[in-house]
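Here's a quick briefing to read with the model open beside you.

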Amino acid sequence: MGNADSKLNFRKAVIQLTTKTQPVETTDDAFWDQFWADTATTVQDVFALVPAAEIRAVREESPSNLATLCYKAVEKLVQGAESGCPSEKERQIVLNCTRLLTRILPYIFEDADWRGFFWSTVPGAGDEGEDEDSRPLAESLLLAVSDLLFCPDFTVQSHKRDGLDMQSIDSCEYIWEAGVGFAQSPPLDYIHDLNRTELLKLLLTGFSDAMYLPPSAENNILNRWVTFFSSTDNRHALPLFTSLLNVVCAYDPVGYGIPYNYLMFSDYREVLVEHAVQILIVTLEHEAGAAAATLVGPDNLFVNYLSRIHREEDFSFILKGLARLMTNPLIQTYLPNSTKKIQFHQELLVLFWKLCDFNKKFLFFVLKSSDVLDVLVPILFYLNDARADQSCVGLIHIGVFILLLLSGERNFGVRLNKTYSVRVPMDIPVFTGTHADLLIMIFHKIITGGHQHLKPLFDCLLTIIVNVSPYLKSLSMVAANKLLHLLEAFSTNWFLFSASQNHHLVFFLLEVFNNIIQYQFDGNCNLVYTLIRKRNIFHQLANLTSDPVTIHKSAVTVAIDKLTEKAQVSEDGTMVCLQHNTHSPQMTADQHTYTLQPQTAGDQHKHSPQSADTNTSGIAGVLSWKSKLPLQTIMRLLQVLVPQVEKICIDKGLTDESEILKFLQHGTLVGLLPVPHPILIRKYQANAGTAMWFRTYMWGVIYLRNVDPPIWYDTDVRLFEIQRI
């Protein structure tokens with residue numbers, strides 16, 4: 001009954017607030033305390049008992065009352081931070097104010113007239129003798145929440161029995177979990193985890209100010225909430241960063257491996273970890289790219305700390321933790337659904353991206369051993385799983401971006417030669433081969449059986465293969481056939497002439513074959529055999545027509561089925577994506593029924609590496625790139641080996657390809673090929689367009705993941721469009 005009465009009293013207070021047309025005095029504590037002093041409402045209760053329409057009504061009709069409510073709630077958080085919340089009643093007040101502000105903030109942000117409210121002091125809110133240096137409300141809120149996240153017996157384990165002055169606490173002694181820069185692992189306390197989660201939820205809501213601005217490719221709009229939180233003004237910046245990172249990387253969803261353990265008890269740590277990773281990626285997004293490149297170091301301390309991690313044991317802890325969590329959704333057991341599956345893999349991909357982008361020592365650590373494959377396999381799994389789902393286009397983009405970044409380093413190609421023995425549940429042909437074979441097969445499926453919005457990623461996918469090709473020691477027959485099938489599809493007249501840039505894909509594939517022939521001929525008999533078997537493709541390319549009539553005929557009708565292997569026609573008819581796509585990538589988390597479309601204008605794919613050839617159309621364009629087709633190496637190989645293979649087949653009466661492969665295995669082209677070309681690696685280049693894409697994608701994922709309670713649901717978000725599907 002007590003809880004029901006509490007909810008009733010809280011609801012009455014909300015109704016009073018919405019019906020009062022006259023401003024309520026800030027000194028009327030009897031009125032304001034109704035919202036936090038005598039209630040025991042959960043965050044879900046607050047969202048149910050404070051409807052959106054009523055918040056907007058107060059905002060429009062009684063603005064001073066809404067302003068005072070926010071001011072008084074922040075004041076209570078500041079008081080709690082100063083006192084250290086020694087009593088249960090004070091902790092309850094802090095939690096109630098936290099929940100109330102989490103509910104209200106999005107409605108402050110959605111109104112242009114209110115957006116700056118938290119960055120001003122509230123007129124008449126303080127008593128006489130107001131400090132000249134009084135802080136804006138947002139700063140007071142952020143500092144109070146930061147203090148409360150290291151409050152003994154509320155969010156951290158107390159070290160001493162006697163009372164502590166909160167201002168004298170060294171929060172570095174209260175880091176939440178062992179890992180980077182901290183050796184002690186405090187005992188788990190689910191109450192502390194719950195309280196931390198509530199406070200992080202409020203922080204995230206404050207940071208979401210960014211959602212209520214339209215997208216801008218200029219990328220120069222500062223998020224004041226993130227700027228202040230990650231600045232030297234926040235004395236807890238280092239222990240907060242360390243706590244968030246360690247909590248994420250130390251988390252093990254499987255626990256002790258007891259089947260169905262997640263059904264028997266609640267895992268409060270998972271909810272904390274999810275919010276921790278979301279706070280991390282938002283604070284690391286902030287103007288970091290340009291700042292990280294400066295000599296003086298970035299103003300954003302979170303980026304600064306991340307870029308300065310350097311100990312091998314810290315890198316190992318981070319990589320193992322992220323790989324464990326990324327691999328979690330792939331785990332298969334004999335008992336169906338017996339292990340807990342995490343849902344925040346998209347946030348983990350963004351965090352991994354940030355780590356590699358801002359800390360080059362971490363990137364080199366990842367690539368110096370085959371541990372990088374523990375990250376590669378789950379990424380390929382996600383790409384394959386999401387390829388035909390329109391709502392997962394954003395997930396595919398981030399996965400491809402990561403692989404493009406990794407492929408810019410030689411070691412990534414070298415690591416791909418490790419045999420692929422772990423069997424992950426993917427709908428691909430059974431094969432014996434390496435991780436390189438797996439990558440090629442998944443990319444082939446994305447290109448031939450993916451959603452139509454993925455066409456802008458084709459050159460990125462092929463660039464990754466080009467980057468690693470000089471180091472691939474032994475492609476399987478399956479992978480070799482996939483590459484030749486792509487060349488066959490991309491070199492048909494109807495595809496080549498249907499868009500002015502399509503020939504780039506042919507150039508990329510020819511470069512792959514040239515790299516392998518020149519640098520890894522020994523060991524790649526499967527590919528050489530496939531090149532010989534499919535030699536007519538290269539002859540057709542060499543004799544490509546530039547007759548205007550033929551070109552015109554080729555580009556009228558597009559034969560949709562030609563890009564699909566006869567044995568693998570996909571359900572959606574595959575390459576509808578041949579038609580030019582002007583849509584921006586859609587950002588969606590895969591487990592909810594919304595689609596987010598960023599409202600960005602212009603080209604979102606400037607990250608795509610471009611061929612050196614100029615983009616031209618018409619006959620002159622065809623003639624200009626036709627003469628540059630790098631066919632010499634392949635033609636020389638065919639010229640030497642085809643007669644030899646034909647002769648041995650006739651002489652020995654061979655019909656078995658294994659004998660031909662054995663012959664090719666011992667063959668050589670030393671001294672017969674053109675002088676080897678220099679290896680060209682195309683590296684990822686950041687730009688304003690991709691920075692905006694990341695911001696939109698990241699907030700789209702966070703929007704969709706926070707549905708309990710639905711923090712931003714039905715508010716006027718402007719960074720992307722929300723569509724029910």
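Let's begin with S62: at 5% relative accessible area, S62 is buried, because anything under 20% counts as buried. Keep in mind that this is a predicted model.

**The loop at S62**
- S62 sits in the loop between helix 4 (52–61) and helix 5 (63–83).
- Leaving aside residues up to four places away in sequence, S62 touches K20, T21 and A57.

**Helix 22**
- Helix 22 runs over residues 458–468 and is mostly covered, with eleven of its eleven residues buried.
- Going along helix 22, the buried residues are F458, D459, C460, L461, L462, T463, I464, I465, V466, N467 and V468.
- The cover over those buried residues includes helix 19 (393–407), helix 20 (410–415) and helix 21 (435–449).
- Helix 23 (477–490) and helix 25 (503–519) are also among the elements covering the buried residues of helix 22.

**Helix 16 against helix 32**
- Two packed helices are described by the angle between their axes and the distance between the axes.
- Here, the axes of helix 16 (residues 345–358) and helix 32 (residues 688–705) come within 10 Å and cross at roughly 150°.
- That angle is over 145 degrees, so helix 16 is roughly antiparallel to helix 32.
- As for handedness, helix 16 passes helix 32 in a left-handed crossing.
- On the helix 16 side, Q346, E347, V350 and W353 make the contact, and helix 32 answers with F694, Y697, V701 and R705.
- By type, the residues of this contact between helix 16 and helix 32 split into five nonpolar, one polar and two charged.

- L719 is found in the loop between helix 32 and strand 2 (720–724).
- Is L719 buried or exposed? L719 is buried, since its relative accessible area is 1%, which is under 20%.

**Cysteines**
- How many disulfides does a search of the whole structure find? The search comes back with zero.
- C97 has 0% relative accessibility, so C97 counts as buried.
- C460 is another cysteine to look at, as one of the buried residues of helix 22.

Conventions. Residues are numbered from 1 along each chain as its sequence is written. This is a predicted model: local features need pLDDT of at least 70, side-chain atom pairs count only at pLDDT 80 or more; totals for chains, interfaces and linings use all residues. Side-chain values use heavy atoms; hydrogens and water are left out. A disulfide is a pair of cysteine sulfur atoms within 2.5 Å. Buried means under 20% relative accessible area, exposed over 50%, partly exposed in between (1.4 Å probe, protein chains only). Axes are lines fitted to C-alpha atoms, for helices over the stretch in contact, and angles run from 0 to 180 degrees between N-to-C directions. Helices (H or I, at least four residues) and strands (E, at least two) are DSSP runs, numbered from the N terminus. Angles under 35 degrees count as roughly parallel, over 145 as roughly antiparallel, 65 to 115 as roughly perpendicular and the rest as oblique. A crossing is left-handed if the near helix is turned anticlockwise from the far one by less than a right angle, and right-handed if clockwise. Contact means heavy atoms within 4.5 Å. Ala, Val, Leu, Ile, Met, Phe, Trp, Tyr, Cys and Pro count as nonpolar, Asp, Glu, Lys and Arg as charged, and the others, Gly among them, as polar.
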